[in-house]
Amino acid sequence: MTLAHAALAFHRTRRLSRALRTRADVDRHRQASLKRFLERIVPGVARYAGLKPQALVDLPIVDKAALLADFHRFNRKGVTLAEVRAAL
């Protein structure tokens, strides 16, 4: 981690610690983060192409065997399971 990354992480943590004072604050932050994830990240995942989930329950349940069999379609970079295993 570079100094810039560390400084950015520190700044984000301080900002969040000031903003998330109550349970309601945390819940609002969590809901906003989930909404961003569903709107921005999920559409870029090949396995979920064509889906427009509004909530996590709108995504299909996937077991480990299905995830491993179609691994490259579950990540936005298309990294294969073999590539991951080779890198470990």
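Thanks for coming, everyone. One thing before we look around: what you see above is a predicted model.

Leu-3 and Arg-30 are 27 residues apart along the chain, and their C-alpha atoms are separated by 28 Å.

Let's zoom out to the whole chain. How many helices and how many strands are there? The chain has four helices and zero strands. If you walk along from the N terminus, the elements read α-α-α-α. The radius of gyration is 17 Å, while the globule rule gives 12 Å for 88 residues, so this chain is more spread out than a compact globule. If you like to picture a box, the C-alpha atoms fill one of roughly 45 × 35 × 20 Å along the principal axes. And of the 88 residues, 14% are buried.

Next, the charges. Which residues gather in a patch of positive charge on the surface? They are Arg-12, Arg-15, Arg-36 and Arg-40. Two helices contribute here: helix H1, running 3–19, and helix H2, running 23–41, each supply at least two residues of the patch. Take Arg-40 as an example. Arg-40 sits in helix H2, and its relative accessible area of 60% makes this arginine exposed.

Now let's stay on helix H2 and talk about salt bridges. A search of the whole structure turns up six of them. I'll walk you through some examples.

Start with Asp-25 and Arg-28. Their side chains meet in a salt bridge, at 2.5 Å from N to O. Both residues lie in helix H2, and they are three residues apart, which is about one turn of the helix.

Moving along, Asp-27 forms a salt bridge with Arg-30, and the closest N and O atoms are 3.5 Å apart. Why are these two separated by about one helical turn? Because they are three residues apart in helix H2. Asp-27 is partly exposed, with a relative accessible area of 24%.

One more pair: Lys-35 and Glu-39. Their side chains meet in a salt bridge at 3.3 Å, N to O. This time the two residues of helix H2 are four residues apart, again about one turn of the helix. Glu-39 has a relative accessible area of 49%, so this glutamate counts as partly exposed. There is also a network to point out: salt bridges that share partners join Arg-23, Asp-27 and Arg-30.

Definitions and conventions. Residues are numbered from 1 along each chain as its sequence is written. This is a predicted model: local features need pLDDT of at least 70, side-chain atom pairs count only at pLDDT 80 or more; totals for chains, interfaces and linings use all residues. Side-chain values use heavy atoms; hydrogens and water are left out. Patches are made of residues with over 30% relative accessible area and no salt bridge: like charges are joined within 9 Å, nonpolar side chains (Val, Leu, Ile, Met, Phe, Trp, Tyr) within 5 Å. Accessible areas come from the Shrake-Rupley method with a 1.4 Å probe; for residues, only the protein chains shown count as cover. A salt bridge is a side-chain nitrogen of Lys or Arg within 4 Å of a carboxyl oxygen of Asp or Glu. Lys and Arg count as positive and Asp and Glu as negative; His and the chain ends are not counted. The place of a charge is taken as NZ of Lys, CZ of Arg, CG of Asp or CD of Glu. Buried means under 20% relative accessible area, exposed over 50%, partly exposed in between (1.4 Å probe, protein chains only). The radius of gyration is taken over C-alpha atoms; the globule rule is 2.2 Å times the number of residues to the power 0.38.
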